[in-house]
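Subject: Structure handover

Hi,

My notes on what turned up follow below it.

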Amino acid sequence: MKNLQNVSPGLMALAVALGLATPALAEGNLSLYNWGDYINPEVIDRFSKEFDVAVTLDTYSTNEEMLARIQAGAAGYDLVWPSVHMHDTMQKLGLLQETGVNKMPGFENIDPAALRSQEDPAGDYCLPYGWGAVGIFYNKKAIPELKSWQQFFDYAAANPGKVALLDDLRETLGVGLIMTGASVNSTNPDEIAKAEEFILKQKPNVAAFAYDTLPLVTSGDLAAAHWYVGATLNVNQNPDLLGFIVPEEGATMYQEDICMLANAPNRDNALKFLEFMMRPDISALNTERLSNGSVNLKAIELLPANMKDNPAINPPPEMRAKLQIFVDLGKALKLYTKAWDRIKTN
């Protein structure tokens, strides 16, 4: 797109009259830092072409990895995708800047229930992005029907090395907390110790703490893996072989927000991207690829029935009541970090 700043007013008016100009002008660059495979490449491509912006994307595997890199001085990123509890942490640390996204066109499409941040309850800083349960992805040849965490761990005990847990301290300790009857946000040292003990007991039967397990479950090298609801994309492609469940004991849920870093070099383009992501058609395009829950109420109307009616993607009320989302633990996070270090090293 050509720069129109130096065009005379008369020519600009003529261009507008002829439909040659657009109010949605942007040029330059935009740098995104997101979870791996957590945005539809077509969304990035459409934004880049519509606004004549060169977009780069780097990825991370955990909230902690992303935070450590930002705190270590990684520069040049404009937008990041922290989970809600990490959004709160980063805002407290002064790593984010206010965007006023809640005053942009399209914010009326966002489900008010998705404004989960304790530090940003009105959405002055960040845009809710997507949510979902974290459950179990499994191979039906190995486990014809799976319903619970207990069944998952019983199978592992009988078939060591055939299941995997996520390499994530909050998620995996969260499973331990659920299985020992505590909140995934517990700050009680005794409850965290019991969760640690539970996971350590399972560890000899667990093949790995890992993220890259989808192909291993699909191939049958693993029978099941602790994973995100996005695995339903694989299930929909091969429903006779694969399944995904939210365990009946309950599970964690996640929600990520899109936030602008305090030192973002391309603020105007970042704001354009936030507005772009609130369009129902763009949000639906993104959600359909990710196979997670949408926070955009208008976008949900555009989704295919196999997503709108899927109980893993949109759990019924009785199951949704058993989903727990992480909150910022403050200094108590050290209890989890020490427990996780012991799990990984023992």
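**Cavities**

By class, the lining of the largest cavity holds nine nonpolar, seven polar and no charged residues. The model is predicted: local features need pLDDT of at least 70, side-chain atom pairs count only at pLDDT 80 or more, and totals for chains, interfaces and linings use all residues. Residues are numbered from 1 along each chain as its sequence is written, and side-chain values use heavy atoms, with hydrogens and water left out.

The search of the whole structure gives two cavities of 30 Å³ or more. A cavity here is a set of points, on a 1 Å grid over the protein atoms alone, where a 1.4 Å probe fits but cannot get out; lining residues have an atom within 4 Å of a point. Grid points are joined across faces, edges and corners, and a volume is the space filled by probe spheres set on the points.

The largest cavity has a volume of about 110 Å³. It is lined by 16 residues, and the closest to its centre are Pro 128, Tyr 129, Met 277, Ser 283 and Val 295. At least two lining residues come from each of β4 and α11. Helices (H or I, at least four residues) and strands (E, at least two) are DSSP runs, numbered from the N terminus.

The second largest cavity holds about 40 Å³ of space. Its lining includes His 87, Arg 116, Asp 120, Pro 128 and Asp 257. By class, that lining divides into four nonpolar, three polar and three charged.

**Arg 116**

Arg 116 sits in the loop between α4 (84–92) and β4 (127–139). At 35% relative accessibility, Arg 116 is partly exposed. The scale runs as follows: buried is under 20% relative accessible area, exposed is over 50%, and partly exposed is in between (1.4 Å probe, protein chains only). Beyond its neighbours within four places in sequence, Arg 116 is in contact (heavy atoms within 4.5 Å) with Val 84, Met 253, Gln 255 and Ile 325. Arg 116 and Ile 325 are 209 residues apart in sequence, yet 9.4 Å apart C-alpha to C-alpha.

**The largest pocket**

The largest pocket has a volume of about 840 Å³. Of its 39 lining residues, Gly 36, Asp 37, Tyr 38, Trp 227 and Tyr 228 are the closest to the centre. A pocket is an open set of points with protein on both sides within 12 Å along at least five of seven lines. Strand β9 (residues 251–260) gives the most to this lining, with four residues. The split by class is 19 nonpolar, twelve polar and eight charged.

**Nonpolar cores**

A nonpolar core is a set of buried Ala, Val, Leu, Ile, Met, Phe, Trp, Tyr and Cys residues joined through side-chain atoms within 4.5 Å. The largest has 79 residues. Leu 79, Trp 81, Met 90, Leu 127, Phe 137, Phe 273 and Met 277 have the most contacts inside it. Another core, of 32 residues, lies apart from it and includes Ile 136, Ala 195, Phe 198 and Val 206.

**Aromatic pairs**

The whole structure has 19 aromatic pairs. Rings of Phe, Tyr and Trp (its six-membered ring) pair if their centres lie within 6.5 Å; planes under 30 degrees apart count as stacked, over 60 as edge-to-face and the rest as tilted. Tyr 33 and Tyr 77 are stacked, because their ring centres are 4.3 Å apart and their planes are at 5 degrees. This pair links distant parts of the chain, 44 residues apart: Tyr 33 in strand β1 (residues 28–35), Tyr 77 in the loop between α3 (63–71) and β3 (79–80). Tyr 33 and Tyr 77 are buried.

Phe 51 and Phe 276 are edge-to-face, with ring centres 6.0 Å apart and planes at 85 degrees. Phe 51 lies in helix α2 (residues 41–51) and Phe 276 in helix α10 (residues 267–277), so the pair ties together parts 225 residues apart in sequence. Both are buried.

**Backbone**

Two residues to check in your viewer. Asp 52 has a positive phi of about 55 degrees although it is not a glycine. Asp 52 is partly exposed, at 31%. Ser 291 also is not a glycine, and has a positive phi of about 60 degrees. Ser 291 is buried, with a relative accessible area of 1%.

Best wishes

Key. Nonpolar A, V, L, I, M, F, W, Y, C, P; charged D, E, K, R; others polar.
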